[in-house]
Amino acid sequence: MDLVLRAARVITPDGERRADVGVESGRIAAVADRLDGARVVELAADEVLLPGLVDTHVHVNEPGRGEWEGFATATRAAAAGGVTTIVDMPLNSLPPTTSVAALEAKREVARERAHVDVGFWGGIVPDNLDDLDGLHDAGVFGFKCFLAHSGVDEFPHVTGDELRRALHRLGPRGALTVVHAEDPREITEPGPGYRAFLDSRPHAAESGAIATVVGLAEETGARLHVLHLSSGHGVAHVRDAKARGLAVTAETCPHYLTFVAEEIGDAATEFKCCPPIRDAANRESLWRALGEDVVDLVVTDHSPCTPDLKAGDFATAWGGIASLQLGLPAVWTQARRRGHTLHDVVRWMAGNPADLVGLTTKGRIAPGADADFVVFAPDEAFVVDRDALHHRNPVTPYHGRPLAGVVRRTWLRGRPIDDRPRGRLLTRGDA
């Protein structure tokens, strides 16, 4: 073996075990009780070997809004947080990824800057129906759309009929469509404080839109995925869809599993996101849905901006949370309090996201998979310091919060991630 990683605790698809993990030419060649290698790295007694995480919901914002974030900073933050693969969302960059030309412009920017592997989503907007086949052929991992205003005018939301037409186009090709599911008819103008903002985006906005998504999945046979589920009221629709064998999946995010509305002050706009963080009882309903495999995965929805856009109040501030570097410890902190294991967390944050987008060699420690690893100290605690984050702008609601679990090292295809950008650009079907 080129390299052997030896650990008392290794998280594999089958569970936790003591193992040697052998690497050859950037891929895992063997997982066994004992292996020999040209180089052997033995983990410390308090360290666990995890597969590199896969975050399928990241807004890098480049090109066009590089002052918000960028591939160099976002992927450094990802690596520091144990994430070795991201899939970049089609909006907040300029131009948005709604055509092949826009996709190529984004790839060109990312090519020499990525510290982790990067894939891309395409976008569905009202006027790009004829661009969808080209984007699919160019290797996007699927297509994102909004059912309510996206927050940026250059990526308009679609109606139910417009989404239906896109699904009839994409469904027969097996394409995945991921949906920001809020019903604009249920959304009102927010007031300046948090309670007024929360009331402006009620449970009914999510629940009704998720019901629409489920109905379209049944009608068209297309694969549909509910993004950033924040409302426990929407869980029933996802559960029903799965019980009926529909191709519907769902995700939630670390901030919905960590924070609660009762603790958010009226000036704390760093907590603003859409859909919003809800109350403590709702948080527990999301944890139950995860434990029951109704919600399939946990991804960050990393959506940063410049500090001035978070100024003001909840009526005017940008709605997005930056947390790419913090997702793993945030989720682990809450998960272990509820009796979940690292194997559960790895399934939600590595294996299942990889499976969602068809990356069969990512998100698992198994022969044939890419040698992407995280050396994680689950019992080491730290307090989040925004100035220690690699995100371009140090704005995060996690600042000052104690978390459990420290990422000590991250490996990409058998090499420790360092200051040199060695990430690859991925296309759908890469294995």
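The model is predicted. UniProt, in an unreviewed entry, places the feature "domain: Amidohydrolase-related" at residues 48-415. That span is 31% helix and 18% strand. Its end C-alpha atoms lie 18 Å apart.

- Strand E2 covers residues 15-24 and strand E3 covers residues 27-32. The two run antiparallel and are joined by 5 bridges.
- Within this pairing, Gly22 stands opposite Ala30 of E3.
- The hairpin has 2 residues between the strands. Ser25 takes a positive phi there, near 55 degrees.

**The three-stranded sheet**

- Strands E6, E7 and E8 form an open sheet in the order E6-E7-E8, with parallel pairing.
- E6 (53-58) and E8 (117-120) are the edge strands. Each has a single partner strand, so one side of each is left without a neighbour in the sheet.
- Neighbouring strands of this sheet are turned by 20 degrees against each other on average, direction ignored.
- E7 (residues 83-88) runs parallel to E8, and 4 bridges join them. Thr85 has Asp117 of E8 as its bridge partner.

**The six-stranded sheet**

- A further open sheet has 6 strands, in the order E9-E10-E11-E12-E13-E14. The pairing is parallel.
- E9 (122-123) and E14 (297-298) stand at its edges. Each pairs with a single strand, so one side of each lacks a neighbour in the sheet.
- E13 (residues 248-252) and E14 run parallel, joined by 2 bridges. The bridge partner of Thr252 is Val298 in E14.
- Helix H6 packs on this sheet. H6 touches E11 (176-180), E12 (223-226) and E13. The direction of H6 makes about 165 degrees with that of E12.

**H6 against H7**

- H6 spans residues 203-220 and H7 spans residues 235-243. Their axes come within 8 Å and cross at roughly 15 degrees.
- Angles under 35 degrees count as roughly parallel. H6 and H7 are therefore roughly parallel to each other. H6 passes H7 in a right-handed crossing.
- From H6, Ser207, Ile210, Ala211 and Val214 take part in the contact. From H7, they meet His237, Val238 and Ala241.
- By class, the contact of H6 with H7 has 5 nonpolar and 2 polar residues, with no charged residues.

**H4 against H6**

- H6 also meets helix H4 (residues 160-170). The axes come within 10 Å and cross at roughly 35 degrees.
- H4 passes H6 in a right-handed crossing.
- H4 contributes Gly160, Leu163, Arg164, Leu167 and His168. H6 contributes Leu216, Glu219 and Thr220.
- The residues of this contact divide into 3 nonpolar, 3 polar and 2 charged.

**H10 against H11**

- H10 (residues 327-337) packs on H11 (residues 342-356) at an angle of about 135 degrees. The axes are 10 Å apart.
- That angle makes H10 oblique to H11. The crossing is right-handed.
- Gly327, Leu328, Val331, Trp332 and Ala335 are the H10 residues in the contact. They meet Leu342, Val345, Trp348 and Met349 in H11.
- By class, the contact of H10 with H11 has 8 nonpolar residues, 1 polar and no charged.

**Backbone sites in the loops**

- The peptide bond from Glu62 to Pro63 is cis, with omega near 5 degrees. Pro63 sits in the loop between E6 and helix H1 (71-80).
- Asn61 is found in the loop between E6 and H1. Asn61 has a positive phi of about 75 degrees, although it is not a glycine.
- A cis peptide bond also joins Cys274 and Pro275, with omega about 0 degrees. Pro275 lies in the loop between helix H8 (254-258) and helix H9 (280-291).

Notes
Residues numbered from 1 in each chain as written. Predicted model: local features only at pLDDT ≥ 70, side-chain atom pairs only at ≥ 80, totals over all residues. Heavy atoms only, no water. Axes fitted to C-alpha atoms, helices over the stretch in contact; angles between N-to-C directions. Parallel < 35°, antiparallel > 145°, perpendicular 65-115°, else oblique. Left-handed = near helix turned anticlockwise from the far one by under 90°. Contact = heavy atoms within 4.5 Å. Nonpolar A, V, L, I, M, F, W, Y, C, P; charged D, E, K, R; others polar. Pairing = 2+ DSSP bridges. UniProt positions renumbered as here; feature names shortened; annotations may be inferred.
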